[in-house]
Amino acid sequence: MIENDGFGLQELPEQQRSDAVSSMVYEANARVRDPVYGCVGAISSLQQQIGSLQTQLARAQAEVVHMRMRHLASTSDHPAGTGSTENKFMASQSKSFYYMDTVDQANMTESLWSY
């Protein structure tokens with residue numbers, strides 16, 4: 001049993017104490033990096049990145065649906081074996097509206113989990 005540690009760790013089961021200490025170290029490092037917002041700033045930044053990536057994913061998925069629809073439309077317009085369907089599908093792929101490499105690498109900060 002830990003004597004009065006000032007953090008209330010003695011109230012935790014022993015198997016959870018290591019996680020509690022790791023959490024406190026993470027929070028302290030976050031507060032050093034961002035004295036105003038600390039962990040909340042890090043969490044907010046990560047949530048914004050998640051939102052941006054979800055938007056990119058939705059756009060990419062919409063583009064895939066669009067490409068499939070164009071492909072289906074082109075295959076129904078031409079009899080099989082003409083070769084024009086494949087050419088139209090390849091052309092539609094080269095006219096992509098969205099790119100997956102739009103993640104802003106400059107705004108990604110070093111991990112706050114390292115301590």
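This briefing covers the fold, the helices and selected residues of the protein. The model is predicted. Its secondary structure consists of 3 helices and 0 strands, and the order from the N terminus is α-α-α.

**Whole protein**
- The protein has 115 residues, of which 14% count as buried.
- Of the contacts between residues at least 6 apart in sequence, 44% join residues at least 24 apart.

**Helix α1**
- Helix α1 covers residues 14–33.
- With 20 residues at 1.5 Å a residue, α1 should span 28 Å; its end C-alpha atoms lie 30 Å apart, which agrees with that expectation.
- The buried residues in α1 include Arg-17, Ala-20, Tyr-26 and Ala-30.
- Residues three or four places apart in an α-helix point the same way, because the helix has 3.6 residues a turn.

**Loop between α1 and α2**
- Tyr-37 sits in the loop that lies between α1 and α2.
- Tyr-37 has a relative accessible area of 52%, so it counts as exposed, the cut-off being over 50%.
- Together with Val-36 and Val-40, Tyr-37 makes a nonpolar surface patch of about 340 Å².

**Helix α2**
- Helix α2 runs over residues 38–77 and contains Ser-74.
- Ser-74 has a relative accessible area of 8%, so it is buried; the cut-off for buried is under 20%.
- A polar atom of the Ser-74 side chain lies 2.8 Å from the backbone oxygen of His-71.

Technical notes
Residues are numbered from 1 along each chain as its sequence is written. This is a predicted model: local features need pLDDT of at least 70, side-chain atom pairs count only at pLDDT 80 or more; totals for chains, interfaces and linings use all residues. Side-chain values use heavy atoms; hydrogens and water are left out. Helices (H or I, at least four residues) and strands (E, at least two) are DSSP runs, numbered from the N terminus. Buried means under 20% relative accessible area, exposed over 50%, partly exposed in between (1.4 Å probe, protein chains only). A polar contact is a pair of N or O atoms within 3.5 Å; within protein, one must be able to donate a hydrogen and the other to accept it, and residues adjacent in sequence count only if both atoms are side-chain atoms. Patches are made of residues with over 30% relative accessible area and no salt bridge: like charges are joined within 9 Å, nonpolar side chains (Val, Leu, Ile, Met, Phe, Trp, Tyr) within 5 Å. Accessible areas come from the Shrake-Rupley method with a 1.4 Å probe; for residues, only the protein chains shown count as cover. A salt bridge is a side-chain nitrogen of Lys or Arg within 4 Å of a carboxyl oxygen of Asp or Glu. The expected span of a helix is 1.5 Å times one less than its number of residues. Contact means heavy atoms within 4.5 Å.
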